Amino acid sequence: MRSAAGNASEIRFVHARRVWDSRGRPTVEAEVRTLSGAVGRAIVPAGASRGTREAIDLRDGGQRLGGLDVQGALAHVNGEIARAVMGLAADDQLALDERLIELDDTPNRSRLGANSMLAVSMAASHAAAAVHGVPLYQYLGGPDAVLLPVPQVQIFGGGAHAGRRTDVQDYMVVCPGARTFAQAIEWTAEVYRHAGLMMQARGATFGVADEGGWWPVFNTNEQALEALVAAIERARFVPGEQVAIALDVAASEFGKGGRYTLALERRELDADGMCELLTRWIEKYPIVSIEDPLAEDDLEGFARFTRAAGKSLQIVGDDLLVSSAALLRQAAARGAANTVLLKPNQRGTLTETRQCWQAARSLGYAGIVSARSGETEDTTIVHLAIGWGVGQLKVGSFARSERMAKWNEALRIEERLGARARYAGMGAFGRNPMTR
Ligand code: PGA
Ligand code: ZN
């Protein structure tokens, strides 16, 4: 495809620098400048509870900075990637990303690193939007980009993000019944505030976990669910009608080979036991979405749980699908999950992430664009969610500016769209969970 903007979008300068993420760890920021002088900039995030089939996040190893430095990834961007993409059109994302993939030439981006590739892929999209003089969401989606996502917001953070204080990783709320994104955020703010007051009243103020959710001082996983319902009620919302619960079990973190070890409760379950436990929770609590209910190596368990509960429940594959169109097709063939989590750094280019979403749509799966636990002020994913019309957005909790930056960016876009803005609401879910 030739650039619609002619030579103006020709890439003339690429530079990567080391910046720092919300855990104080090094990460890659890339800057792309075009012939017309348009500049795009993006920072890649990093996960802590990663799927084993994710593209490789290239780190230097060794002693310094815990082995997490990114000098190798920076050198790739400033060296061979810069040379390879020079002269390409920033607004031909497909050609640019194909060039990066071809240059890396490994199945999992282990040579150049998904972090070096994605930084350039995203920075180029920002530069392209600047060339065209429109915000990124509009550049990606055109006049159809009017759908504001349902936010999935963490209230208690556990698992790998809280020293494994609870086995379940994310206890979240969703407000599909709100009228606007801004209203959903306001409702969420009330629930988050009341959850904090409740923890304080219990003498359990231990600060917040990696993504800003309250530190989960509970004796069982179920106590966190009870506290979440109580917080929704104290905030004067009707649980399950106005504000509902979404979980990320992140079961790959404590399950392998069909055995699941719930350390907090000192018990071990098989896949059937996990399904029974989750089914009990679904019956008892207003849960509308469960991510990674089973481990990434348990496609069969995933399929069984989807058959049992997936008609009315959103069942999300994160570690299971790692934003891969190929893995999504395999899972769909087995009937596993009905929704895909989309994290661009699980793949390494915007094009592959978008292809996964396109595959999902054609197979009847819903989608959620997601941040990582190690984030920054970068708000690219908000533009992806709206530009691609995905309908749901998960960026952690309602505290810490790397999270708030995303919610605030979506508020700005909703305001800018004015009367054209449409809140995804119930329609975002592949199934209608509120009618259960
Ligand atoms: P991660 O976790 O970013 O630490 O991998 C987020 C998630 O599991 O959704
Ligand atoms: Zn997850």
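Predicted model: local features only at pLDDT ≥ 70, side-chain atom pairs only at ≥ 80, totals over all residues.
I started at S373, where a side-chain N or O atom sits 2.5 Å from an oxygen atom of ligand 1. I count that as a polar contact, meaning a pair of N or O atoms within 3.5 Å; within protein, one must be able to donate a hydrogen and the other to accept it, and residues adjacent in sequence count only if both atoms are side-chain atoms.

Residues are numbered from 1 along each chain as its sequence is written, chains are lettered from A and ligands numbered from 1 in the order in which they are written, and side-chain values use heavy atoms, with hydrogens and water left out.

Next I looked at R372, which has a side-chain N or O atom 2.6 Å from an oxygen atom of ligand 1. For K343, I found a polar side-chain atom 3.1 Å from a ligand 1 oxygen. How much of ligand 1 does the protein cover? I read off 98% of the 280 Å² of accessible area that ligand 1 has on its own (Shrake-Rupley method, 1.4 Å probe; for residues, only the protein chains shown count as cover).

Then I listed the shell: 14 residues surround ligand 1, and A48, H161, R372, S373 and K394 are the closest. Here a residue is near if one of its heavy atoms lies within 4 Å. I sorted the shell into 2 nonpolar, 5 polar and 7 charged residues (nonpolar is Ala, Val, Leu, Ile, Met, Phe, Trp, Tyr, Cys and Pro; charged is Asp, Glu, Lys and Arg; polar is the others, Gly among them).

Which domains supply the shell? Domain 1 (11-133) and domain 2 (142-429) each give at least three residues; the bounds come from an automatic or database domain assignment.

Last, I checked where the domains meet. I got 32 residues of domain 1 in contact with 31 of domain 2, contact being heavy atoms within 4.5 Å. I also noted 3 salt bridges between the two domains (a side-chain nitrogen of Lys or Arg within 4 Å of a carboxyl oxygen of Asp or Glu). I looked up the salt bridge of E352 with R109, and its closest N and O atoms are 2.7 Å apart.
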